[in-house]
Amino acid sequence: MASKEVPEINAGSMADIAFLLLIFFLVTTTMDVDTGITRKLPPPVEDDTKMDYKERNIFKVLVSSSDALMVEGERSNISTLKEDVKIFMTNPTNREDLPEKEMRSIENLGDIEISKGVVSLKNDRGTSYEMYIKVQNELTAAFSELRDEVSIRFYGVKFSNLINEEHRKAVQQAVPIAISEAEPENIGGN
Amino acid sequence: MQKINTSALPDIIFMLLFFFMVTTTMREVTLIVQVKPPEATEVQKLEKKSLVSYIYVGVPIKTQFGTESRIQLNDAFANTSNIAEFIAAEKNSRDEADRKFLTTSIKADKRTRMGVITDIKQELRKVGALKINYSSRKVAKLSY
């Protein structure tokens, strides 16, 4: 009786095939992670209802067409913008010309003072995107540092390390990102 | 001399292969505008890439298309008026439940003037695509 041995399949070229596929995916792979500054646009305004804000509650940031910065009517520098925003939003010495605060009770945090301040950002059509992102970056940094402060005070960890979803929500409510962008117009300037 | 046993080699290669297959995202569009994103420190990662639509803004790579900043949607140049239909098409291609999580990533060159960006933003507001992301490169510290 002839032996019924199963003929062995030569798997020697298996590696070559796998290599071929591997090289294909290596070449087509793009490993770039997308990062960026996230913002929420305001819904379109139907009528001309002007939001009524008190002068003391608005922090005006203006970027001119030549990328010069103006903060609260005065020429300013981007390196001090973050601290300015932080002082404005916290109003540590309860100054009359800085925003009012409102006591509100938030779940998990209890009663906490919430600033009524709003940062109003206005730019010209000629402002460079790079400068705009720089300003946005500083504003974001200011707010995230404020959130960190609240988070550390109540939970002992930074906001980014806060895992509990309810705690995150509470801190978000305590420090809302109050950045408002003005309706576009040509402000010009130099 | 003793031969090295290579029978496990295909397995190793396959493992690498699967790794790359899983991490691969095929580049969907060919860029026809130059995009050098600005730098920022306070960036967030874009989660769920399948729910992101991209708008590219920059100077055309080929100089015959001019030196002005142009908008690129999908594979072609576009005007601000095309954005509405682009967003509508993007919405339609997604699952109904996912539509409200759609993010628009603005990949603009850092030399772009804000006029173009503002126009895009206004257009996005009109069609209700309110979640946006200004694509920027993460750096540890910004120089002023």
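At what angle do the axes of helix α2 (residues 83–92) of chain B and helix α3 (residues 114–127) of chain B cross? They cross at roughly 50°, and the axes come within 9 Å. This is a predicted model: local features need pLDDT of at least 70, side-chain atom pairs count only at pLDDT 80 or more, and totals for chains, interfaces and linings use all residues. Residues are numbered from 1 along each chain as its sequence is written, chains are lettered from A and ligands numbered from 1 in the order written, and side-chain values use heavy atoms, leaving out hydrogens and water.

**Helix pair in chain B**
- Axes are lines fitted to C-alpha atoms, for helices over the stretch in contact, and angles run from 0 to 180 degrees between N-to-C directions.
- α2(B) and α3(B) are therefore oblique to each other (under 35 degrees is roughly parallel, over 145 roughly antiparallel, 65 to 115 roughly perpendicular, the rest oblique).
- B:I83, B:A84, B:I87 and B:K91 of α2(B) make the contact with B:I120, B:E123, B:L124 and B:V127 of α3(B) (contact means heavy atoms within 4.5 Å).

**Helix pair in chain A**
- Helix α3 (residues 129–155) and helix α4 (residues 165–174) of chain A pack at about 130°, with axes 9 Å apart.
- α3(A) and α4(A) are therefore oblique as well.
- From α3(A), A:R147, A:V150, A:S151 and A:Y155 meet A:H167, A:A170, A:V171, A:Q172 and A:A174 of α4(A).

**Confidence in chain B**
- The average pLDDT of chain B is 85, and 97% of the residues score at least 70 (pLDDT is the predictor's confidence in each residue, from 0 to 100).

Technical notes: Helices (H or I, at least four residues) and strands (E, at least two) are DSSP runs, numbered from the N terminus.
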